[in-house]
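Dear colleague,

I am passing on the structure we discussed, with some notes on what turned up in it. Please look through it before reading on.

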Amino acid sequence: MPVFAANLTMMFNEWPFLDRFDAAADAGFAAVEYLFPYEAAPEAIAERLARNNLQQALFNLPPGDWAAGERGIAALPGRFDALKADVERALDYAAATGVRRLHLMAGIANPRDEDASSSYRRSVTYAAGRLADKSIDLVLEPINGRNMPGYFLNDFGAAETLIAESGLPNLKLQFDIYHRQIIHGDVTMALRRLLPITGHIQIASVPSRNEPDGEELNYPYVFGEIDRLGYDGFIGCEYIPRGHTLDGLGWFRSFARS
């Protein structure tokens, strides 16, 4: 049965960040993820995880200056020293939370620009190697251009090629089903083909990015297919609730831990 991780950046926003751990556990989640933990102390997050018997499924390495529009710096020439520092910062939080996979955001850059491509490969290789020292996987997520215009890694084929060519055993795909449907479609066949290199899955309805309970995708079928394929990782609930988070959890009731 799938193990769902509540995304505490998007869900449970009715509570302050640290209290979202308690709310997610009370709602029946066994795991959590979020975009960035860096405004809270790692020890405070670790305490909430332990208090609620929650697993930390995923979070992102620092993204650069988010408020200024940066969405990662891995593909940005001239930012390699900053990236190395960001990896160490993320590892401090990884040590506290016990997370086994981290996502590296590529940034806003032209994927056809040779300098950006070279910077991205260098950053990915470095980050994956440093995380391997701690037995942590690095995951790469293609993001659609409608939600994030100009994002460097906007194609699943490009991610697949990079992972294959790298030869790095801890470099994996972050298969966000919402982004896959918008970029390429063909979700089920892609899951069948790409699951061997997939380190994390995320979900949301398409096109609204709300609860996974309707619209374009038949999520009960998708969940069954993920189970049939033998996926044993987490499924991150990276969706925006239509209203109060708890009111939209009808789809999740049969999966909640007691």
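Which residues does UniProt list for "active site"? The record, an unreviewed entry, lists E141 and E238, and it should be kept in mind that UniProt annotations may be inferred rather than shown by experiment, with feature names shortened and positions given in the numbering used here.

This is a predicted model, in which local features need pLDDT of at least 70 and side-chain atom pairs count only at pLDDT 80 or more, while totals for chains, interfaces and linings use all residues. Residues are numbered from 1 along each chain as its sequence is written, and side-chain values use heavy atoms, with hydrogens and water left out.

E141 sits in the loop between β5 and α5 (helices, H or I of at least four residues, and strands, E of at least two, are DSSP runs numbered from the N terminus). Its relative accessibility is 4%, so E141 counts as buried (under 20% relative accessible area, with exposed over 50% and partly exposed in between, using a 1.4 Å probe and protein chains only). Leaving aside residues up to four places away in sequence, E141 touches, among others, H103, D176, H179 and E238 (contact means heavy atoms within 4.5 Å).

E238 lies in the segment after β8 (234–237), and because its relative accessibility is 6%, E238 is buried too. With the same exclusion of residues up to four places away in sequence, the contacts of E238 include E33, E141, D176 and R209.

**Helix α4**

The buried residues of α4 are A116, S119, Y120, S123, V124, A127, A128 and L131. Seen down the axis of α4, they fall within an arc of 150°, so they line one face of the helix (the arc is that of the directions from the helix axis to the C-beta atoms). Among the elements covering these buried residues are α3 (80–97), β5 (137–140) and α5 (156–166), whereas the face turned away from the buried side carries the exposed residues E114, D115 and R122.

Best wishes
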